[in-house]
Every structure is written in structure tokens, then in C-alpha cells.
Amino acid sequence: MLGKLLKYEIKATARTFLPMYALLIVFALINKFFMAVNSDYLKIPRIIAMSVFVVIIVGICVMTLIVTIQRFNKNLLTDEGYLSFTLPVKAHTHIDSKMIVSLMWVFLSVIVSFISIFVMTVNEKTIIHISRSIDQFMTVFNSLGSGGYVILLEGILFVIIAALCSIVTIYAAITIGNMSSKHKLLVGVGAYLAFGIIEQIIMSIIITSFGGTVQHYFESLNRATMSAQVGAIQLLMLGMIIFTLVFGAVYYILTNWMLKKKLNLE
């Protein structure tokens, strides 16, 4: 059933994102043409085209957030929720489908934005510069040995987990807001801000509790070997992953519990 929900969710959201992606690439090509011509007669059209390009990128970022909120709220917490929850699907499956699709559009939006910027700015000089940057990165990366691959894997995992945590935090806040009969939006925003404050408090407590030890440890790394420094980075990344994963799991469990026990579709 998860596959069917994913297919439906992708189909419903693609009609919003795909035209925006296509429009972004089109204006990237238009801007590339204006840059190549570089004529004073095209100065105003060039400024307009670049402004539209920037607006589209910002619009994609905003739309990603809006769609994330809208799809969850509309399908599960409004009148459509009656239909959604009559399906032989558990609450967590609905959360999973929307979370996975939202994550997909987040990464696709980032990738398409970078591709459009690359298409707009690419020339012989930028290719040479990118090639040199890649060579320098690979030189540093190879010097780290196998530890570099661990750090790379941890970095990828952290980005994915952080993105999922951000999405499910929004879901939890929306679901809490739905419990209010009159001020759903206000309560939801308040819940989201409260989550952030709680995270900051817990992080501050952790840093305060172990701050001296951690600071002494990292200061000692200035005299340590390369392998010890790599190990410290791996340990730091692992701590960030665990911290984010714990909060993400709490928000996920909270959202799932409220959808099953505290759902208010009035």
C-alpha cells in the first residue's frame, strides 16, 4: 500500500514542481544567452531575466515548504482525512509516504537549482576551475584514507536525517495545531517554535555538561596524528546524527500517536 500512496503523492505534487523546474532551466538558458551576447542594448532584459531566475529559485524553496505543509494538512487533517483514514492503511504509512515524497522534492529542488546555475554560468574557465577544485578535494580526501569514506557516509546520512527530521517536525507541529478547535495555525506555529526552543535547551545542557571535556579533547587534537583528527571528526558527526535522529524519532512517534488517538477532523 505504501507504493500506491507514494505513486499518488508524487503524481499530485509533480504538477506543481515539474513546471517550475522547466521554467527555471528555460530562464537559465535565457540568462546564459544574455551573458554570452553582453550587449548594452540587452542590459534591461538581462536584469529582468536574472531577477526572474532568482525569484523562481526562491519560489521553488517556498513552494517546497508550502506543499509539505499543505499535503499533510489537507489529506490527513481536513475533510479529506475521513477518506484517507477509511483506507486499509496505518497512520504511520500515511506519514511515511508524505515524508518520503517531501524529501524527494527537497533534494530534487536543490539538484535542479544547482544544475540551472551550472548551465547558466558554465564556460571554459568555470570548467577549468571546477576541475582544479575537484582535484584539490580528491587530494585531501585521499590523504584521509578509509576514514574519509566514513566521514563522507556520515555526512550523507546526516543530511538525509536532518531533512527528514525537519519535515516530521513540521508534521508534528501541524498535528498539534489540529488539536485546537479555533486557533489551529497559531497553535501549530507555537508548537514548532517550542520544538526549536526545547532542542536548543537540551543542546545547551549537553554542551554545558561536557563542554570542558570536549573543548580539552579538541584542543589536544592540534598535537594529535591525522588518524586521531579523522576519528574526532567521525565522532562529532556521529554525535550530530544521533542527536538529530533522536529528535526526529520523537516527533515521528508523537505525530503517529496523535493521528491514531487524538485526531480532530471537525
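Trainee: By class, how many nonpolar, polar and charged residues does the lining of the second largest pocket have?
Mentor: First, this is a predicted model, in which local features need pLDDT of at least 70 and side-chain atom pairs count only at pLDDT 80 or more, while totals for chains, interfaces and linings use all residues. Residues are numbered from 1 along each chain as its sequence is written, and side-chain values use heavy atoms, leaving out hydrogens and water. Ala, Val, Leu, Ile, Met, Phe, Trp, Tyr, Cys and Pro count as nonpolar, Asp, Glu, Lys and Arg as charged, and the others, Gly among them, as polar. Sorted this way, the lining of the second largest pocket comes to eight nonpolar, four polar and one charged.

Trainee: Which lining residues lie nearest the centre of the second largest pocket?
Mentor: On a 1 Å grid over the protein atoms alone, a pocket is an open set of points with protein on both sides within 12 Å along at least five of seven lines, and lining residues have an atom within 4 Å of a point. The volume here is about 340 Å³, counted as the space filled by probe spheres set on the points, which are joined across faces, edges and corners. Of the 13 residues lining the second largest pocket, those nearest its centre are Ile 69, Ile 174, Leu 185, Gly 188 and Val 189.

Trainee: And which elements give two or more residues to the lining of the second largest pocket?
Mentor: Helices here are DSSP runs (H or I, at least four residues), numbered from the N terminus. Those giving two or more residues to this lining are α2, α6 (146-178) and α7.

Trainee: How much space lies in the largest cavity?
Mentor: Rolling a probe the size of a water molecule over the atoms shows where empty space is left. A cavity is a set of grid points where a 1.4 Å probe fits but cannot get out. The structure holds one cavity of 30 Å³ or more. The space in the largest cavity is about 60 Å³.

Trainee: Which elements give two or more residues to the lining of the largest cavity?
Mentor: Among the lining residues are Glu 9, Thr 64, Lys 98, Val 101 and Tyr 171. By class, this lining divides into five nonpolar, four polar and three charged residues. The elements with two or more residues in it are α1, α2 and α4 (91-121).

Trainee: Is Val 101 buried or exposed?
Mentor: Val 101 lies in helix α4, and its C-alpha is 10.0 Å from that of Ala 14, 87 residues away in sequence. Buried means under 20% relative accessible area, exposed over 50% and partly exposed in between, with a 1.4 Å probe and protein chains only. Val 101 has 3% relative accessibility, so it counts as buried.

Trainee: At what angle do helix α1 and helix α2 pack?
Mentor: Axes are lines fitted to C-alpha atoms, for helices over the stretch in contact, and angles run from 0 to 180 degrees between N-to-C directions. Helix α1 covers residues 2-37 and helix α2 residues 43-77, and their axes lie 9 Å apart at an angle of about 170 degrees. That makes α1 roughly antiparallel to α2, a label for angles over 145 degrees, while under 35 is roughly parallel, 65 to 115 roughly perpendicular and the rest oblique. So the angle asked for is about 170 degrees.

Trainee: How many aromatic pairs does the structure hold?
Mentor: Rings of Phe, Tyr and Trp (its six-membered ring) pair if their centres lie within 6.5 Å; planes under 30 degrees apart count as stacked, over 60 as edge-to-face and the rest as tilted. The number of such pairs in the structure is eight.

Trainee: What kind of pair do Phe 33 and Phe 34 form?
Mentor: Phe 33 is partly exposed at 49% relative accessible area, whereas Phe 34 is buried at 11%. Their ring centres are 5.7 Å apart and their planes lie at 50 degrees, so the pair is tilted.
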